[in-house]
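Trainee: Could we go through this model together, one question at a time?
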Amino acid sequence: MGKGIWVYLQKEGESVVEESLMGLSVGRKLAKEASLPLEALCVGEGIARFQGAPSRIYGLVGEDLQAGYDVASYGEAIHYLCQRERPDLILFPSTTQGQDLASWLGGCAGAAVVVGAREVSFRDGGFVAARLELDGKAVVEYLLEGFPAAVSLEQAVGDMPQAGDELQAQVLRVEVPPVSRQGSVRISPSSGEARKVDLRSAKAIVAVGAGVRDRETFDQVCTLASVLGAELGATRAAVDAGWLGHEHQIGQTGVKVKPDLYLACGISGAVQHRVGMVESGTIVSINLDPQAPIFRFSHYCVVGDVRQVVPRLVELLRR
Amino acid sequence: MKVAVWVREIPDTRDLIGEVLGPDSMPKWKEWETRVDPEDLNSLEMALQWKDRDQQLSLTAVSVGEPRKLDVLRECLYRGVDQVVRLSWEGDSMDLVGEAGLVAAAVRRLDARVVFTGVQLNDTECGHKGVFLARALGWPVVTYVEAMEKGDASGFLKLRRAVEKGVELVEAKAPVVVSVGVALLKEDPRAPRSARAKLKLQHKKTPIPNWGLAELGPFPEQGGCGLRILCFRAQPQRDFPAKRVEGSSEEELKAMLEELRAQGVVR
């Protein structure tokens with residue numbers, strides 16, 4: 001013990017993603033509990049000044065890292081730095097990249113890695129991570145005994161730093177030696193856009209699923225959202241179908257939401273979507289199939305065709 | 001082109017009712033049914049669709065250990081893989097990193113250039129087995145793959161990867177591990193096919209080869225997992241006192257809205 005807690009800063013252009021900033025708040029709390037320094041690492045030259053920045057940031061550079069993100073190159077670079085500096089714990093954000101990189105470290109013999117932890121604490125001289133397992137039916141607490149020790153956080157764990165809380169960090173450039181590897185992976189830039197809607201703080205969400213199959217039905221669902229004063233959400237299938245942009249997507253690769261009212265229109269209830277909305281206050285689902293999985297975790301199971309039920313609801317709400 | 005798929009049998013924890021932990025506070029593993037990891041089925045389908053397009057492609061499914069309640073390898077034969085191999089280990093129980101090492105040794109022996117597997121979602125393992133396997137092989141990996149747009153005999157793949165703000169298009173050159181994670185509806189063209197009756201009859205008693213250390217040769221010793229389970233705690237389940245509402249009944253819809261208004265979630 002003694003080298004410190006690190007937080008992986010995932011960059012998006014010249015800024016740090018929200019999930020990493022939330023990771024910093026978890027790291028700061030843990031560092032205080034364990035009386036350890038808090039530091040960070042990123043790939044690239046590093047961003048020296050941002051909200052909630054720690055005092056020191058390691059910026060990894062090297063030939064393998066120039067082509068952009070791929071799990072193996074970034075993972076090996078982080079592993080190299082870990083071996084050199086021996087941090088006590090690394091926290092990764094809840095993003096796909098964060099989970100991948102934590103998993104990469106988890107592939108080292110003797111590593112202690114927990115992916116998707118909902119809680120991390122310092123207890124009796126060791127770090128304990130708790131994770132929801134068995135389809136959400138049990139919480140498992142792991143003591144991180146090995147090295148490297150890493151945890152990727154579940155979405156929405158940690159707080160955002162206060163606005164205006166910009167701090168200056170000292171950036172240490174670390175040159176990573178290249179690793180020879182067969183095969184290659186080249187990722188084109190993401191086609192996503194910056195989020196424009198704030199689903200996380202929405203009180204009511206009307207969500208669109210694959211059961212919404214035509215423009216007229218989609219327009220009716222939009223009207224329903226408007227009448228309810230709700231934000232529009234979507235499943236991945238609805239986003240793929242082009243009804244809404246990725247910033248509306250709820251679930252494993254979207255956002256996790258907890259509105260007071262979640263009204264699901266034509267959503268089957270696949271696990272990838274469920275993880276993003278199951279903690280909503282009241283869940284109302286409209287589906288033609290009485291056996292649809294979403295009815296297992298809905299308070300009101302409206303069995304019917306979205307095309308007919310939604311206009312009826314709009315009419316009743318307007319009366 | 002030789003391609004492999006790594007499949008696993010996992011406990012089916014979807015519809016468990018009542019206490020999931022026994023008096024010893026451990027999950028009641030032995031009481032539960034098992035199933036093929038659903039994301040492994042999706043990855044198998046991706047590989048089978050590639051094989052449908054390229055008859056020269058040879059597809060092998062591998063799995064570690066004896067079946068508990070369901071033989072996942074036979075399930076792969078029923079869906080159309082060319083061959084299957086069961087991998088065995090005579091030592092202590094093996095964690096996922098160890099399994100990945102064993103599968104990596106088998107992949108080398110098979111001379112496979114692309115390996116498909118699923119991103120784990122609901123298993124108890126703490127990680128992505130595709131990432132572990134890529135690390136053991138020293139290969140690159142593409143994770144969260146939702147579709148394969150192209151795959152040719154030279155080992156060039158065009159993949160679509162689902163990430164937070166959209167999709168990423170990835171070009172990969174074999175050798176590579178493809179880790180599949182995709183939400184599928186029944187009618188989605190990427191949805192896994194069912195077992196075929198003809199193949200079931202054909203492979204019901206097909207002997208399944210077993211490879212142990214004698215066949216695989218030595219592979220790097222695993223240093224063990226650095227995690228210790230402190231406890232399992234039952235997670236109180238949300239109560240969903242579900243009310244069924246007939247969508248065709250205006251009265252029932254009206255009553256539901258009244259209740260939602262009374263709860264304060266609809267104004």
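Trainee: Leaving aside neighbours within four places in sequence, which residues is B:V176 in contact with?

Mentor: Quick ground rules: this is a predicted model, where local features need pLDDT of at least 70, side-chain atom pairs count only at pLDDT 80 or more, and totals for chains, interfaces and linings use all residues. Residues are numbered from 1 along each chain as its sequence is written, with chains lettered from A and ligands numbered from 1 in the order in which they are written. A contact means two C-beta atoms, placed from the backbone, within 7 Å. On that basis the partners of B:V176 are A:G183, A:V185, B:V114, B:W139, B:P140, B:V141, B:V142 and B:L157.

Trainee: B:V176 is also listed in the largest nonpolar core. Which element gives the most to this core?

Mentor: A nonpolar core is a set of buried Ala, Val, Leu, Ile, Met, Phe, Trp, Tyr and Cys residues joined through C-beta atoms within 7 Å. This one has 131 residues, and A:L41, A:V151, B:V5, B:V103 and B:L133 are listed along with B:V176 as having the most contacts inside it. Helices (H or I, at least four residues) and strands (E, at least two) are DSSP runs numbered from the N terminus. With nine residues, the top contributor is helix 3 (residues 96-110) of chain B.

Trainee: Why does B:S63 count as buried?

Mentor: B:S63 is found in strand 4 (residues 58-64) of chain B, and its contacts beyond four places in sequence are B:V7, B:R8, B:V72, B:L73, B:R86 and B:L87. The cut-offs are counts of other C-beta atoms, placed from the backbone, within 10 Å of a residue's own: buried at 20 or more, exposed at 12 or fewer, partly exposed in between. B:S63 is buried because the number of other C-beta atoms within 10 Å is 26.

Trainee: What share of chain B counts as buried?

Mentor: The secondary structure of chain B comes to seven helices and 13 strands. Its C-alpha trace spans about 70 × 45 × 40 Å along the principal axes. Of its 267 residues, the buried share is 46%.

Trainee: How many bridges join strand 15 of chain A to strand 9 of chain B?

Mentor: Strands pair if DSSP finds at least two bridges between them. Within chain B, strand 8 (residues 156-163) and strand 9 form a hairpin with two residues between them, and they pair in the antiparallel sense over eight bridges. Strand 15 (residues 184-187) of chain A and strand 9 (residues 166-173) of chain B run antiparallel, and the number of bridges joining them is four.

Trainee: What is the order of the open sheet of four strands?

Mentor: Its edge strands are strand 9 (119-123) of chain A and strand 12 (227-234) of chain B, each pairing on one side only. Strand 11 (residues 138-144) of chain A pairs with strand 12 of chain B over seven bridges, with A:V139 partnered by B:R233. Pairing in the sheet is antiparallel, and the order is 9(A)-10(A)-11(A)-12(B).

Trainee: How many nonpolar residues are on the side of chain B that touches chain A?

Mentor: Here 75 residues of chain B are in contact with 81 residues of chain A. Ala, Val, Leu, Ile, Met, Phe, Trp, Tyr, Cys and Pro count as nonpolar, Asp, Glu, Lys and Arg as charged, and the others, Gly among them, as polar. On the chain B side, 17 are polar and 14 charged, while the nonpolar residues number 44.
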